[in-house]
Amino acid sequence: MSHGLLSAEPPASSAASTTSIMGIDAVSPETTQETEERTALLDVEQGEESYGSVVPPHNRSSDSQQKRAKLVKRIKYYVPSTAWIPSYSFSLLGGDFLAGITVASMLIPQSVSYATSLAKLSPVTGLFSASIPGIVYALLGSSKQLNVAPEAALSLLLGQAVSEIRHEYPDPHDGQADLVGLSVATVITLQVGLISFLLGFFRLGFIDVVLSRALLRGFISAVAVVIMIEQFIPMFGLTKLLHIVDPETTYDKAIFLFKNAFTNFHPPTTIISFSALFSLVALRSIKNRFKNTWWIYRLPEVLVVVILSTILSDAFRWDEDGVDILGAVDVQNSSSFIEIPFRRSNFRFLRRTTSTAVVIAVVGFLDSIVAAKQNAARFGYSISPNRELVALGAANLAGSFVPGTLPAFGSITRSRINGDVGGRTQMASLVCSGVILLATFFLLPWFIGLVIYSLLAETPHEVLYYWHMGAWVDLTIMGLTFFLSIIWNIEVGVVVGLVVSLLLVVHRSSKTRMTILGRIPGTDRWKPLKENPEAEETTAGVLIVRIRENLDFANTAQLKERLRRLELYGIHKLHPSEEPRREQTSVLVFHLADVDSCDASAAQIFHELLEEYKNRGVGLFITHLRPSVEATFVKAHIFELLGPDAFRDNVADAMAIVEGSASTRVRESTYLGSR
């Protein structure tokens with residue numbers, strides 16, 4: 001059977017070897033890189049010698065070459081650019097170049113918008129954030145299509161931290177407060193980089209599976225509402241009045257907007273802003289009708305609106321009518337382009353911004369890993385969450401050396417477009433970053449009419465789904481995250497939602513999954529009563545329990561309570577105040593075929609539980625015990641407690657003993673009665 005499996009599904013390395021022997025040399029650079037990565041990973045896991053291999057005679061030269069080859073494989077695995085750059089095929093350059101240009105045309109107006117409207121910083125900080133981290137990630141990241149740049153939600157989180165600290169100054173909008181904003185952004189980006197890097201270094205990439213979808217949807221919905229309120233204020237021309245009133249929370253800003261949107265709005269600004277918004281919506285609708293015409297479908301509508309706004313602003317002198325325009329922008333934010341972020345002026349905000357940095361690091365990684373996994377599945381390669389964390393951390397650490405740079409992470413939308421247009425390697429990210437840097441240093445003065453920023457909020461359609469499914473816990477988490485983010489701030493909403501999600505994970509993992517087994521009539525097969533209506537419990541007082549997961553300190557703590565409920569109520573979910581539905585248990589049989597491991601704490605708790613049952617006079621049997629768990633039970637003295645006769649190969653053997661003892665007792669009672 002094993003030979004058949006091997007022949008049906010040959011490993012990738014075998015296929016490559018066969019191709020080489022046949023004289024066919026058509027392995028693509030992507031395949032070569034993936035093969036080298038898999039080989040390096042196998043070397044890490046297997047060690048220097050394979051099991052059963054013949055060890056050649058000792059040769060120092062050979063050892064030296066092997067060590068050198070192994071070092072090269074390690075470097076290629078941990079620094080993917082050392083693998084794909086030397087083997088890069090120029091046949092891929094056309095697609096990568098087109099993808100880089102396309103994504104850059106989206107990012108230039110987007111990143112300026114995120115920096116000015118959401119992060120409350122200079123527009124140039126957004127452009128540097130869209131270029132420098134992307135270059136570092138392209139060299140260290142394992143995803144070929146992931147585009148790393150500022151994100152709306154993360155820029156908003158940083159902007160709230162900047163605004164909160166600026167409010168402590170007499171004039172939150174003067175030059176001194178602007179320098180404070182740069183320091184706050186720098187120290188947050190530095191912390192985000194360190195947190196992400198350390199999470200990857202200590203192999204904590206599994207955090208992407210512990211957060212609920214409801215939490216993320218609540219967060220996204222709240223961000224959409226907050227961004228909408230932040231955008232409407234300048235669109236109605238209320239920025240100057242906002243600085244006078246100075247509302248703090250999103251709720252206060254919403255009240256301010258409702259009070260002043262129709263009474264104190266600026267007509268020219270309002271007309272221009274909403275005309276631009278409707279133009280974006282119209283262009284998006286037109287593009288969706290021409291999905292098969294690539295040059296129309298890939299047209300960056302945001303860039304089109306920005307360019308048209310720039311031309312019209314210059315032709316009609318909108319600034320003379322009181323419309324706020326961006327104007328000329330200096331590409332240098334502070335005294336020097338590059339500064340060491342480990343400065344006292346930055347570290348004075350360290351403690352106050354750590355919680356924001358943690359939230360940004362976690363949320364940013366979740367978005368990035370989802371985008372990376374989607375593209376990896378689409379184009380047929382693997383992704384390591386830990387290596388992605390290290391690459392994202394290094395990218396943000398590099399970005400923190402430019403004052404005011406925003407945290408940068410992967411985007412699902414941009415990464416999908418990157419792959420759709422033709423991006424097949426990390427070269428697309430290098431092209432994208434290069435175009436943005438070119439625009440920053442040579443083309444930025446022409447972007448003087450940026451009036452409206454297009455940020456389309458995701459509609460939380462999951463609400464209807466959760467309502468239909470009756471998922472009240474998910475709805476509660478989503479609502480809690482959403483309303484706390486609006487009434488308080490996004491950081492509080494995310495942290496509270498995160499804590500609730502983690503508590504739910506712990507709560508669910510603490511409940512051991514187990515079921516009651518019954519016999520299929522006329523057979524010696526035992527199946528779960530819930531899943532098999534024909535199964536039935538044939539012997540009164542006998543409870544057969546199948547534990548369906550590994551035992552550890554978390555899920556074994558409540559094992560006693562779970563077993564007690566099974567004894568009283570069986571498979572029915574009843575309130576503890578209800579009367580028992582089962583006879584008192586006299587024999588308890590454990591089916592442990594699904595238990596592959598049992599840690600020391602779980603073994604200790606299990607020993608105490610069995611000892612309690614034994615003192616109650618309950619007969620005990622353990623069946624289908626795996627060798628690894630058996631070794632643990634021997635060390636925990638469970639074998640000594642129960643004796644060898646309690647351990648049977650299967651349930652049928654245990655039930656034969658139980659039913660035989662029951663028959664003996666019946667015969668004895670009948671004999672005594674006849675006498």
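Figure 1. Leu 241 counts as partly exposed because its relative accessible area is 27%, where buried means under 20%, exposed over 50% and partly exposed in between, with a 1.4 Å probe and protein chains only. The residue lies in helix α12 (residues 239-245); helices (H or I, at least four residues) and strands (E, at least two) are DSSP runs numbered from the N terminus. Leaving aside residues up to four places away in sequence, Leu 241 touches Phe 256, Asn 260 and Asn 264, a contact being heavy atoms within 4.5 Å. Leu 241 and Phe 256 are 15 residues apart in sequence, and their C-alpha atoms are 9.6 Å apart.

The model in all views is predicted: local features need pLDDT of at least 70, side-chain atom pairs count only at pLDDT 80 or more, and totals for chains, interfaces and linings use all residues. Residues are numbered from 1 along each chain as its sequence is written, and side-chain values use heavy atoms, with hydrogens and water left out.

**Figure 2. The protein chain as a whole, for orientation.** The secondary structure comprises 30 helices and 8 strands. Of the 675 residues in the protein chain, 46% are buried. The chain exposes about 34700 Å², and carbon and sulfur atoms supply 61% of this area; accessible areas come from the Shrake-Rupley method with a 1.4 Å probe, and for residues only the protein chains shown count as cover. Among contacts in the chain with a separation of 6 or more, 79% are between residues 24 or more positions apart.

Figure 3. An unreviewed UniProt entry places the feature "transmembrane region" at several stretches, including residues 121-140 and 179-202. UniProt positions are given in the numbering used here, feature names are shortened, and annotations may be inferred rather than shown by experiment. In the model, residues 121-140 are 80% helix and 0% strand, with the end C-alpha atoms 28 Å apart. Residues 179-202 are 96% helix and 0% strand, and here the end C-alpha atoms are 35 Å apart.

**Figure 4. A nonpolar surface patch that includes Leu 204.** Leu 194, Leu 198, Phe 201, Phe 202, Leu 204 and Phe 206 form the patch, and together they have about 600 Å² of accessible area. Patches are made of residues with over 30% relative accessible area and no salt bridge; like charges are joined within 9 Å, and nonpolar side chains (Val, Leu, Ile, Met, Phe, Trp, Tyr) within 5 Å. A salt bridge is a side-chain nitrogen of Lys or Arg within 4 Å of a carboxyl oxygen of Asp or Glu. Leu 204 lies in the loop between α10 (175-201) and α11 (213-235). With 31% relative accessibility, Leu 204 counts as partly exposed.

**Figure 5. Ala 222 in helix α11.** Ala 222 lies in helix α11 and is buried, with a relative accessible area of 0%. Apart from residues up to four places away in sequence, Ala 222 touches Thr 481, Phe 482, Ser 485 and Ile 486. The C-alpha atoms of Ala 222 and Gly 479 are separated by 9.3 Å, although the two residues are 257 residues apart along the chain.

Figure 6. Lys 120 is not a glycine, yet its phi is positive, at about 60°. Lys 120 is in the loop between α6 (93-118) and α7 (123-129) and is partly exposed at 23% relative accessibility. Arg 317 has a positive phi near 50°. Arg 317 is in the loop between α16 (301-316) and α17 (344-347), and its 36% relative accessibility makes it partly exposed.

Figure 7. In β3 (residues 514-519), 6 of the 6 residues are buried, so the strand is largely enclosed by the rest of the structure. Met 514, Ile 516 and Gly 518 point one way from β3, while Thr 515, Leu 517 and Arg 519 point the other way. β3 pairs in the antiparallel sense with β5 (residues 542-547) over 3 bridges, where two strands pair if DSSP finds at least two bridges between them. Thr 515 has Arg 546 in β5 as its bridge partner. β3 also pairs in the antiparallel sense with β4 (residues 526-528), over 3 bridges, and Gly 518 has Lys 527 in β4 as its bridge partner. The hairpin of β3 and β4 has 6 residues between the strands, and in this hairpin Gly 522 takes a positive phi near 80°.

Figure 8. Strand β7 (residues 619-623) and β8 run parallel and are joined by 2 bridges. Ile 622 stands opposite Phe 647 in β8.
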